Structures are given as structure tokens and as C-alpha cells.
Amino acid sequence: MGMDMKEKIRDFHQARWDEPVIFELSAPGERGILVPEGGPLVEAAGREALEELPAEMRRATPPALPEMGQMRVLKHFLRLSQENLGADFNIDIGQGTCTMKYSPKVNDRLAGSPKVADLHPLQDESTLQGALEIMYRTEQLLKSISGLDRFCLHPGGGSQALSGIAAIIRAWVDDHGLRDKKDEIITTIFSHPSNPAVAKLRGFKVITIYPDPVTGRPDFEAFKAAVSDRTAALMITNPEDIGLYNDRIREFTDLVHAHGGICSYDQANANGILGVTRAKEAGFDLCFFNIHKTFSSPHGCGGPGCGVIGAAEHLAPYLPVPLVGFCEESGKYFLDYDVPKTIGKMKDFYGVLPAVVRAYAWIMNLGAEGLLEVARVATLNNNYVFQKILKMKGAGAPPYAKGEHRMEQVRYSFQKLKEETGLGIADVQNRIFDYAGHIWTSHEPFIVPEPFTIEPTESYSKDELDEYLAVLERIVEEAYTDPEILRHAPHRSVIHHVDHDYLEDPKRWAITWRMYRKRFDGYFQPKDA
Amino acid sequence: MFRLGLIVNPVAGMGGRVGLKGTDGPDCLTKARELGAIPLAPSRAALALRVLLPVKDELCLFTCPGLMGETAAVEAGLPFRAIGLRVGPQTGPEDTKEAARRMAESGVDLLLFAGGDGTARDIAEAVGENVLCLGIPAGVKIHSAVYAATPLHAGEAVLSLVRGRRPSRRLAEVMDIDEEAFRKGEVRSRLFGYLPVPADRRHLQGLKSGSPRSEAALQKAIAADLLEKLKPGALALIGSGTTTRELKRALGFEGTLLGVDAVKDGKLVAEDCGERQLLELIAREPEGNVRIVVTPIGGQGFLFGRGNQQFSPEVLKRVGKENILVAAVPGKLAALAGAPLRVDTGDPRLDRELSGYTKVVTGYHEAVMAKVTA
């Protein structure tokens, strides 16, 4: 028997393997592949190659890599994969701001085909025409989606793209001899925190604007007080992570332009506005998209993603290299390093080509109407869930923008649940694993108490949204009637309860095996304890 | 075995229900009783204790007699040990202090107390920064940051400690207001000291900026930013608080946590200044050469008029609005939940002048454009 389709609560249990760390599985002398001996000629060539390396760069001792047979390696990673709960397993709408959507498998086939996967990064351009054409065409699509004039597809993720944008702003300011005059970048508290981070990285001072408590949009009066001739740039998200679109955005960008600054649009959350609004009409000079979110390429779990940077004509000369060009005369595509004021390279070779191939296939499959439909369905799904959660016991949304719909996601709060039961989002998060689900505690910035963010994207059917909601409701009910079950959760997951104190105390961290060996004897028993 | 101390201030909160704003002092208590007030704090404490039932075998509860603790333990169904304190039929601040001292001597892992701001003051006075504490909110006034959001939150926070959680400590503000003034409709709060509380962002009010480690790092970053802004030769009048204390430390001295210290070119000029001394110091400086550095106090976001009355209207006028530097860790601003920063100097015209938008330093080269209202 399968699950009760009426109740929609699964009797789930995750596989649990007490699988050691791979280093602990190492058996000295064991090998996965016995590499054939090279013979005297190869050996001699190898020695020569090594001699070219400066002495200080050569290892004295071989790296302490695990030594294992193939079958054990396979089992190790398959076991770990069973302990995972990826987007293809669960109803992954609880990870708001991450735009977890279906990545069509056929696009994986394209990205995995030998024509893409077997390309060598040092191949001659003339043998890469197909790959370059896909990149070129993807750029044309992004240009019409955003209205900006040129795109660089190189950065490996959103924050790297933002980092490139900050470098462009820096270069532009310096180029115009304004280094001492324009030293401030303005952002908003609900823009992604990478915006202020990259601004700081490039030596700018950051001024943050909080939302107006009634509208939930950035306080325009505060913004006016912040903008001055010192303003180098505005770096802003819209809609912000709380799911509200700032409809006065043009007033923001116009004001910055009036003071000679640049406007940069963080479009990591573009799923609700595809085909609806564009960076150009909102007055932006720079923008970036996350190919791995909005355009369906998988996130790749921390990489390889793809964050593309777009620039209006006057800033295009600063884009990272290489761009992809097309020569009308020869009919050939080429890697274009001739970008006069480029900030340089951001990533090796052509960036993350498989991510671009998937996005290209996805966009071509949908067409312009399809993209608009994506935004509409994502918004519809979100507002369906929004209305349901507003009625859920213990849950609610912060008091701004009352009575308004939201865009593609909403930041909610379990503050009421917390007040009434003492249990909050962290407890719900621990428990939801028992129902094959996931909910993120979306803490940043610390403004909404007991926060969670749901972003249902266009991929999910009403049935699945209902299933997720049923799980949330069940957990809330448990919080009121059987709090002990939440306090000890998860019960049916890979591991049991973990406390966050470890994460907040660097003394208790061991982020590499070497550090672990140095600091700890047994399982988290400090050596000097 | 987790050693938990419990002190209940039975009179805390009694004034609230009968419309008295607080229950400080014997006269007020008598009045509250005449108006039919009954002790509420023991039941609030019992609410928190009931959360601990699943771990009652791992717990050793030390408590005071009668309404000061036993009643709550009995109501919750938790076994307890008496600490041998004797109290009269009407308990007062001295009993709270004595109980706190005894708990400290018997080495409790956590001192849980139910009361209001007055109770927190008594505990701070008795045991200072030596014992990890946590408040169950039961008083009329809760301005101190040592209290859990609700009794259930307090219970959950203790439960996680009993179950082996070892969070870092954090110094939280003990605030109180002048009840006499409060009854007349004026709110004047003061910072009385600090108590160490578990850094538990899930259960305590006012800790929204991440770990205490990151809060300390942020305070250092703010200090570095402010140092750049203090020009050589300028006289800086640095107000109270842990954020501004970090600036004092960066300048090379400890200063006073609760007072206003004057400093010039890295040298301490005067410590814990009153209004008159500040005016004298300002009079010696050329115009525009004085800076005031403040951080909003308490959970209400007051820049002036709460806990730093030394910065009188006269002092502020002489220094000038443009020479006031405001700093706060981002969590403090976030805790205001969209409410503006406030000024209440006692001079409505000056308050209006100080209103508007001001840059609040929140890190090194980081600021928030914040609204200030009277």
C-alpha cells in the first residue's frame, strides 16, 4: 500500500548508514585502478616535466589520500547518496530564495553528451564552434530577457557574479578619477547579503536601508537621506527575499543616476518576473542571473553553478573576459579577449559549460511565452501556499504589506507557535525530516522572528503543495499536543538531533580531516579535554 | 546531574493586574493587596518548570521556601531541595539577594528566577557576573534583556541546557525604570548592570545578531570604524553600553560601562562624567571640536533620555547634531522590528531637531540609515 492520498502524510524512513569518513576506510596498499607502468620513455618525460616545477612547489611526501578498491568506493558514495534528500526526492519548496525547480532530465542528457562533456578546455576554437554557438545564443536570450547589452557567462555562482559586478563598479569609479569622491554603496537589508559583502571587498563603505514597516518595501525617505555624490552604486534585489516587488524602483535608480552613480540589479530571484519586468526599464546598468536557479540548471550543491553578469553598453567594456564573439565575415564564433577595460578573468576556460547548455535548452524549450508562464505559475503557486499558511495555526507573515499578494516567495514566521508552545522554526525543521521534507530557517537578516521562506516555483502541482502543507500542519499540531516528539526530532532520519552551538563556536570546528585529527581524538572528544 | 537554582519573587507582577505600574516598595505592595492582587509569579514559574518534567531525573532543583520557589515546584510536579533560607510572610528584595548568594555558593549551573526588572536588579546586585542566569518574565515591567520571551521559552532554554547543550555566555542588560515616574505616565529607564545569560537565540529576547562571538567581533569592527571618525585633537564623549565600551577598549582604557567617559587623542580625560562636568569640558574646546558617541539603549531604541541623562539638552545643543556619532550592532536595530530610534531629551524642540534620518555605524565601513523620532 502506498501513502494515504487523503491525509497526504507519508510513513517515511530515511536510509541510515553509520558510514565512516572516507579517510577512515583507507587500507594501505589497496588500489582502485592499477595504472600500467609507463615504460622508460614516459618516465623520462615525466621526470622532465617535474623538473620544471620550482623546488618549493614540490611535495616532499605524497598526499594522504584514502587508498581503496573500486567496489568500496562505490558503496561508500552510494550509501552517502541514500542519506541525502535532494530536489528529485522531496517537495523542495521549503528552501525559499533558492528557486528549487525541476531540471528536465533531457537537458542533463544534452549536457552529459560527449559533445559537451568530452571537450577539452585547451581545444582549438575552430573545433569548439558548437559550444561557442550555444554560449553566444544564450547570451542573446539573456539580453532580451533583461534588456541589457552584453553578458559574460563565466562566474561559477551568484556571489562570484556579484563579486565581478563590484569589480566593475570599482574599475569604473577609478577610471573616472573618482576614487576619493565616490566611496559608498547603498543596499537594502533584504537584498542578498553578498551585495554588501562584495562592496566591502572592493573597498566601498556600505549603507543599508531598512524596509518601511507598513509597505515592507525599502524606505524611500531613508534612501533619499543616504544617496549623495559619494554614492558609487546601488546594489539591490527586487523582488526582495520576502517576496515583495518594489514598484518605486525606477525612482531609486533615477535618484542614483542623478548623483552620477551606477545601479546594479541582483536578479538571483528572477522567477516571478520573467517576461514581466526587465532590468533595463527599471533603470539598471548591471545585473546578474543565477542560471542554476531561475533557468533550471541544478545548483550542484555549492557548485558548479553559473551566475551570468549583464551590462548596459557603457559598462560592457569592463566585463570579464573572454566574452563570446561572432565574426560575420568568417561565420565563426570566437573567444573574445579584446575587451578594452576588462576586470580580467573570473574563471578558467569557458566557465561552467554544462550549466549553460541546460539553461539554453530550457529557455529554447519554453520560448518567450513559456518564460512568462513560468513566472505566472510560480506566482500563482506561491499565493496559493501563502493563503493556506496564513490560516495555519501558529504561523503567519510579518505585519507589513497587509492584504497584498506576494511574488514568487514569502518570508513567514512561526513566532506565534513559539509564543504558544515554546517551539519554533528550528524544532519544525528538525521534525520535517521525519516526513521526507525540508524547511530552511532563513534567518538572514535577523529581522523576522522564527522565520521560514517558502518558494513553490512553477514545477509543483497543487497535489504536491497540499502534501507539503499537510506535513507542516501535522508538525504544528504535534507542537501543541506532543512537544517532546519535536524536541528529540528527527527520529527517522540519517542522524538524530544536532545542536547549532557547534556551528557557532570555531573552537569546536573541524572543517578538514587533517584539522579533525589534530583537534579531536574520538568522536568530537577534544584532545586536551 | 544538572544543578538548577530557582528564585521566585512572589510579589512581582502583582501591581500590573490592578493597574499599578510595578510593585516596587512595601507601600505599593500593600496597595496592590488591598486592590485584590494575588501572586502570579509562582504560576508563571510553574509553567516554565513543567517543560522540565521529561528530565526531572537528570535535574537537581534547589529552591526557596513557600511562594519563593517551593509552590511553583510543587505546582509543576518537580522534586526539589530547599536551600535552608528562612523568610517571613512578606518577602522582599533582601530575601531575593540572600537566596541568590546562597545559590551561587552551592554552585548552581543556572540560576532561574521569576520576576520583573526589580528582581533582575536584585539578582545582579547579589551575584554580579558570577552565575549564569535566566529570567522567567513575571513582572509588570520587563525592560531587561535577561528574560526569556515567555515562561515556556524559559523552560525550553533550560531543558536544552539539562540535555547537554553548552552555549556560550553573553552579558545581557539589566534595566529598570523609575516606578514613581512611570505611575505618573513617564517612562525613564536606566541601565543598572549586566547578568550573564545563555546565548540562546531561540529563546531569549534581544539576541538576534548571531552568536555572542560574532556580536563581540561586530563591536570590535564598530570600534575600528569609530576610531577612524574621531579626528586627532577632538574631544570624544563616549556614552554607556557594551558597544561603546569596545571603543573605549580600542582607545586603550576600560572606562565605565554605565557612565559617560571623556577622551582625547587616546587619553582618558575624565571618567563617569555628570552633566556639569561635561559642560565644563565642552567649554574648554573650540567650537565643533567635540563628538558624542552613543549606542541605543535597551529594547526601545532610545539614543538620549534613557540611561544617559548626562547628555542633557544643554550638552547636546553645545555639541551639535552633526557631531553625534551613533553606533549599534545590527541585531539591536533588528530587534526594534521596524520601530524608529527615539530621543527624549526633555526639550521637545531639541527632540524635533534631532529627529530625521541618521547614519548608524553597524560595522567597519558599514552603516544603516535609520529613522529617529521624538
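In this predicted model, the rule finds four salt bridges across the interface of chain A and chain B, a salt bridge being a side-chain nitrogen of Lys or Arg within 4 Å of a carboxyl oxygen of Asp or Glu. A:Glu484 pairs up with B:Arg163 in this way, with their closest N and O atoms 2.4 Å apart. As for the ground rules, this is a predicted model in which local features need pLDDT of at least 70 and side-chain atom pairs count only at pLDDT 80 or more, while totals for chains, interfaces and linings use all residues. Side-chain values use heavy atoms, with hydrogens and water left out, residues are numbered from 1 along each chain as its sequence is written, and chains are lettered from A and ligands numbered from 1 in the order in which they are written.

Now for the contact itself (heavy atoms within 4.5 Å): chain A puts in 35 residues and chain B 31 residues. About 2900 Å² is buried between chain A and chain B, with carbon and sulfur atoms giving 50% of that; buried area is the accessible area (1.4 Å probe) that two parts lose on being put together, summed over both.

Strands also meet here (a strand is a DSSP run of E, at least two residues, numbered from the N terminus). β3(A) is joined by four bridges to β16 of chain B (residues 366–373), and the two run parallel; strands pair if DSSP finds at least two bridges between them. Within β16(B), B:Met369 is the bridge partner of A:Ile209.
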